Amino acid sequence: MLRSWRVKLKLLLATVTLAILLSWLYLFVGSLEYGRFLLLPPCLGEQPSRDVEREALASRVRRVEEENQQLRLQLSQAQAEGSDGSPQWGASAEDGDPPGGERSNRTACPKQRTVHKCELLHVAIVCAGHNASRDVVTLVKSILFHRKNPLHFHFITDSVAHQILQTLFQSWMVPSVHVSFYNADDLKAGTSPRFALAQPRRAEGSSREGRPEVSWIPNKHYSGIYGLMKLTLTKALPSNLSKVIVLDTDITFATDIAELWAVFGKFSDKQVIGLVENQSDWYLGNLWKNHKPWPALGRGFNTGVILLLLDRLRRLGWEQMWRLTAERELMSMLSTSLADQDIFNAVIKQNPALVYRLPCFWNVQLSDHTRSEQCYTEVSDLKVIHWNSPKKLRVKNKHVEFFRNLYLTFLEYDGNLLRRELFGCASLPSPPSDQLQQALEELDEDDPCYDFRRQHLTQHRIHLFFLQYEFLALPNPTDVTLVAQLSMDRLQMLEAICKHWAGPISLALYMSDAEAQQFLRYAQASEVLSARRNVAYHIVYKEGQFYPINLLRNVALANTQTPYVFLTDIDFLPMYGLYDYLRNSIQQLELPQRKAALIVPAFETLHYRLTFPKSKAELLSMLDMGSLYTFRYHVWPKGHAPTDYAKWRTATVPYRVAWQPDFEPYVVVRRDCPKYDQRFVGFGWNKVSHIMELDAQEYELLVLPNAFMIHMPHAPSFDISKFRLSAGYRGCLQTLREEFHQDLSRRYGAAALKYLTAERSL
């Protein structure tokens with residue numbers, strides 16, 4: 001009996017073995033018949049390279065994983081929605097797929113969906129005004145954080161955003177990032193949209209001058225006329241640009257933008273626009289009684305994220321297509337409610353074959369009452385977050401706290417950390433960057449003053465006009481702007497200065513990204529600061545160990561709009577009415593016809609609370625009682641002694657004083673005065689060197705008899721503490737002074753010898 005079972009077991013094993021061998025032989029012969037191995041993807045089997053085989057296999061695995069993830073998303077959504085018949089938002093029906101989401105077992109080669117390692121990706125953004133310029137920086141940070149490819153940003157801007165973003169990107173110096181600007185204001189009127197920075201040439205005959213583009217379309221949306229600019233991209237962008245990703249400024253990326261770029265490879269031959277379905281009920285027309293939206297296909301599409309095949313759109317006559325559609329619909333609708341989105345949807349309604357439906361995780365729309373929560377089941381599903389509600393961060397959403405934290409991460413992220421090279425991708429030559437790199441390489445690290453020289457060469461990011469600025473310089477030849485600089489620890493002085501000075505102010509603020517956001521909240525919450533529109537705030541982002549005081553002054557000085565500037569410091573309060581007094585003095589002294597610097601005498605108090613004098617007489621009384629002092633008389637008398645305070649007490653007309661060593665008064669000069677010397681960082685000689693150069697250029701030094709300013713007490717700065725405690729610091733300052741004298745002699749010749757002689761006689 002036992003022997004019989006053993007025979008049967010051996011027979012069974014032999015049968016199984018034979019079956020396996022026959023199956024393997026059948027498959028092997030079949031694979032040879034078709035000329036490829038089974039383990040390779042269908043279209044790569046004939047390639048002998050093992051690297052290609054490995055890459056193809058990895059690509060196939062990634063594709064299967066993506067399909068499985070989408071399938072899991074569909075299933076989870078189906079469970080959540082039940083049997084209400086609503087569409088599966090996570091899926092994107094590809095061209096040729098059977099209805100119902102069922103895919104056939106295809107043997108043909110799939111379309112190429114990978115992005116080459118160093119392929120240049122193009123992104124277009126419409127940006128206008130001060131607030132949108134702040135928003136776009138956060139968007140760009142989120143893109144740069146995740147990106148692995150070179151990027152070319154195409155900004156369609158007004159003049160304000162152009163100035164802000166041009167300066168920002170030039171000072172940011174991010175490798176493998178190219179920037180072009182296009183004039184939105186010209187697009188409105190149909191003239192050439194090109195600015196002067198980094199602009200590819202337009203092919204001949206591609207622009208039609210003088211034809212209004214979008215200014216004829218009434219728009220109720222808060223974005224105004226700039227919300228219609230995306231319709232013009234086939235004309236605005238270079239004619240040799242074939243495809244572009246178009247983004248709203250209120251977008252945050254949570255993944256590499258190359259993944260979105262790869263979706264272009266999934267378009268059919270007829271599809272030209274990639275969009276995510278609208279996640280609100282707006283286009284269903286059931287939000288309120290008599291709600292009549294523009295025509296749309298189903299729920300319609302949201303245009304916060306768009307993939308555009310520009311070459312195909314041009315061949316289809318896109319410009320004429322959307323114009324005719326807009327003209328027809330405006331006959332009954334009268335205006336757009338959602339700007340370009342209404343017109344895009346009306347066109348797609350008439351031509352549904354044009355659109356490729358992006359999975360909704362490419363545009364998770366966080367406005368009130370949307371279906372955005374159906375776009376993701378896990379954090380890893382998120383790709384793009386769209387703050388498309390006017391409420392922005394205050395929008396209602398079950399997971400809004402997570403989204404808000406993600407946004408705030410990039411909002412306060414140190415942009416200096418994004419200046420990283422792309423591994424394996426050669427950057428295009430950049431003369432400013434190359435010159436800076438060469439200068440850094442020439443520095444001697446054994447030089448005791450290496451840190452000072454390194455700080456002088458540091459390239460700081462600069463964000464001009466960080467807040468709304470609406471001051472329009474009147475054709476007044478005597479107008480004057482107060483110019484100063486500050487850091488976070490002097491923020492409390494802003495309100496007081498604004499109460500004392502009614503005229504325009506230009507301030508450079510030295511802050512980190514996080515501090516800049518703290519300042520923004522402070523300024524918006526302040527009744528005094530929020531009421532002013534003639535105060536320009538320019539953020540210079542922190543980098544390095546020294547306070548770049550003269551760089552800050554130059555930034556504030558360069559961005560004034562009045563003929564004259566009052567060069568002061570943030571811890572001084574000007575006398576009440578000084579703005580009007582200076583303008584009158586400029587006119588009476590006929591300053592436009594002469595080269596002069598008007599000196600505002602400086603005083604100080606040691607009391608944190610001060611009853612500010614309303615006149616010169618009150619100030620002299622307080623000076624006699626000992627509650628006020630001439631500025632720094634007990635610490636650094638040489639700095640202001642040449643003002644001749646004794647003469648000022650009784651003076652009734654301006655009087656001239658001579659330059660003396662270490663003289664550093666606060667002056668009113670023409671806006672085109674010499675710049676501050678930026679080698680002087682931290683504490684020491686930053687104003688002295690500037691006054692010396694004014695004297696070298698033969699400026700008259702005139703003391704104003706009825707003007708004054710008072711220094712308010714504060715804790716010592718970090719840099720003055722280093723100066724007092726470090727002999728090395730003081731030694732390096734002396735070295736920089738000697739080098740400044742040498743440079744002054746080269747520029748002004750024999751006239752500059754008196755400064756060197758005066759220095760040696762001290």
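**Entry: α3 and α11**

I began with two helices, α3 (residues 129-146) and α11 (residues 400-411), whose axes come within 8 Å and cross at roughly 90 degrees. That makes α3 roughly perpendicular to α11. I noted that this is a predicted model.

Which residues make the contact between α3 and α11? From α3 I listed Asp135, Thr138, Lys141, Ser142, Phe145 and His146. They meet Tyr407, Phe410 and Leu411 in α11. I then sorted this contact by class and got 4 nonpolar, 3 polar and 2 charged residues.

**Entry: α9 and α10**

Next I looked up α9 (residues 318-333) and α10 (residues 340-350). Their axes lie 9 Å apart, and the packing angle is about 100 degrees. An angle of 65 to 115 degrees counts as roughly perpendicular, and α9 and α10 are therefore roughly perpendicular to each other.

I wrote down the residues in contact. On the α9 side they are Trp318, Met321, Trp322, Thr325, Ala326, Arg328 and Glu329. On the α10 side they are Ile343, Phe344, Ala346, Val347 and Gln350. By class, I have 8 nonpolar, 2 polar and 2 charged residues for this contact.

I stayed with α10 and asked how many of its residues are buried. It is 9 of the 11, so α10 is largely enclosed by the rest of the structure. The buried residues include Asp340, Gln341 and Asp342. Ile343, Phe344, Asn345, Ala346, Val347 and Ile348 are buried too.

What do these buried residues pack against? I found helix α9 and the strands β6 (273-277), β7 (301-309) and β8 (355-358).

**Entry: an open sheet**

I turned to a sheet of 3 strands. It is open, its order is β5-β10-β9, and its pairing is mixed. Which strands stand at the edges? They are β5 (251-253) and β9 (364-365). Each has a single partner strand, so one side of each is left without a neighbour in the sheet.

I followed β5 to its partner. It pairs with β10 (residues 384-386) in the antiparallel sense, over 3 bridges. I picked out Thr252 and found its bridge partner in β10, Ile385.

**Entry: Ser585**

Is Ser585 buried or exposed? Its relative accessibility is 6%. Buried means under 20%, so Ser585 counts as buried. I set aside its neighbours within four places in sequence and found Ser585 in contact with Leu598 and Leu704.

Technical notes. Residues numbered from 1 in each chain as written. Predicted model: local features only at pLDDT ≥ 70, side-chain atom pairs only at ≥ 80, totals over all residues. Heavy atoms only, no water. Pairing = 2+ DSSP bridges. Helix = DSSP H or I, 4+ residues; strand = E, 2+ residues; numbered from the N terminus. Axes fitted to C-alpha atoms, helices over the stretch in contact; angles between N-to-C directions. Parallel < 35°, antiparallel > 145°, perpendicular 65-115°, else oblique. Contact = heavy atoms within 4.5 Å. Nonpolar A, V, L, I, M, F, W, Y, C, P; charged D, E, K, R; others polar. Buried < 20%, exposed > 50% of the residue type's maximum accessible area, 1.4 Å probe, protein only.
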